[in-house]
Amino acid sequence: MSEKAVVPCPICKQPSEFFAEPVGPFCSNRCKMVDFGKWMNEEYVISEPLRPDHFEDLDDLDMEGPNAPRYM
Ligand SMILES: [Zn+2]
């Protein structure tokens with residue numbers, strides 16, 4: 001049995017060794033970033049733009065308790 005798993009890169013279809021690269025199953029960091037960009041684009045499409053009424057809920061946040069949001 002071979003320990004090498006050759007799979008086509010999901011982005012450019014170029015065969016690469018799955019475990020040979022830290023970016024596997026992608027052949028390169030570039031292709032990994034391309035795939036990552038696709039996800040980000042989808043997220044951008046489905047997310048609605050911020051409107052002022054979105055911030056009305058902020059009054060309900062617990063600003064003192066252990067679950068209070070922390071800002072850098
Ligand atoms: Zn690739």
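**Entry 1: a loop residue**

I began with Lys-13, which I found in the loop between β1 (6-8) and β2. My helices (H or I, at least four residues) and strands (E, at least two) are DSSP runs, numbered from the N terminus. Lys-13 has a positive phi of about 65°, although Lys-13 is not a glycine. I then looked up its cover: Lys-13 counts as exposed because its relative accessible area is 57%. For the record, buried means under 20% relative accessible area, exposed means over 50%, and partly exposed lies in between, with a 1.4 Å probe and protein chains only.

**Entry 2: ground rules**

I am working with a predicted model, where local features need pLDDT of at least 70 and side-chain atom pairs count only at pLDDT 80 or more, while totals for chains, interfaces and linings use all residues. Residues are numbered from 1 along each chain as its sequence is written, and side-chain values use heavy atoms, with hydrogens and water left out.

**Entry 3: the whole protein**

I noted one helix and two strands in the protein. From the N terminus on, the elements run β-β-α. Next I checked pLDDT, the predictor's confidence in each residue, from 0 to 100. The protein has a mean pLDDT of 75, and 60% of its residues reach 70 or more. Among the elements, β1 has the highest mean pLDDT (85), and helix α1 (residues 29-46) has the lowest (80).

I also looked up burial: 11% of the 72 residues count as buried. The accessible surface comes to about 6700 Å², and carbon and sulfur atoms hold 58% of that. Those areas come from the Shrake-Rupley method with a 1.4 Å probe, and for residues only the protein chains shown count as cover. For contacts, meaning heavy atoms within 4.5 Å, I took pairs at least 6 apart in sequence: 4% of these join residues at least 24 apart.

**Entry 4: the zinc ion**

Which residues coordinate the zinc ion? I found Cys-9, Cys-12, Cys-27 and Cys-31, each through SG, at 2.3 Å. Donors here are N, O and S atoms within 2.8 Å of the metal (3.2 Å for Na, K and Ca); water is not among the atoms, so sites may look incomplete. In sequence, the donor residues are spaced C-x2-C-x14-C-x3-C.

The angles among the four donor atoms are 101 to 117°, and the site is tetrahedral.

Then I looked for disulfides, each a pair of cysteine sulfur atoms within 2.5 Å, and the structure holds zero of them.

**Entry 5: cover at the zinc donors**

Is Cys-9 buried or exposed? Cys-9 counts as buried because its relative accessibility is 0%. Cys-12 is at 33% relative accessibility, so Cys-12 counts as partly exposed. Both Cys-27 and Cys-31 are buried.

I stayed with Cys-27, which lies in the loop between β2 and α1. Its relative accessible area is 17%, and therefore Cys-27 is buried. Not counting residues up to four places away in sequence, Cys-27 touches Cys-9, Cys-12, Gln-14, Ser-16 and Glu-21. Cys-27 and Pro-15 are 12 residues apart along the chain, and their C-alpha atoms are separated by 7.5 Å.

**Entry 6: across the strands**

How far apart in space are Val-6 and Ser-16, C-alpha to C-alpha? I read off 5.4 Å for this pair, which is 10 residues apart in sequence. Val-6 lies in strand β1, and Ser-16 lies in strand β2. I noted their cover too: Val-6 is exposed because its relative accessible area is 53%, whereas Ser-16 is buried because its relative accessible area is 10%.

For the neighbors, I again left out residues up to four places away in sequence. On that basis Val-6 touches Pro-15, Ser-16 and Glu-17. Ser-16 touches Ala-5, Val-6, Val-7, Pro-25, Phe-26 and Cys-27.

My last stop was Glu-17, in strand β2 (residues 15-17). At 32% relative accessibility, Glu-17 counts as partly exposed. Glu-17 touches Lys-4, Ala-5 and Val-6, with residues up to four places away in sequence not counted. The C-alpha atoms of Glu-17 and Lys-4 are separated by 6.4 Å, and the two residues are 13 apart along the chain.

Conventions. Four donors count as tetrahedral if all angles lie between 85 and 135 degrees; four count as square planar and six as octahedral if opposite donors are over 155 degrees apart and all others between 65 and 115; anything else is irregular.
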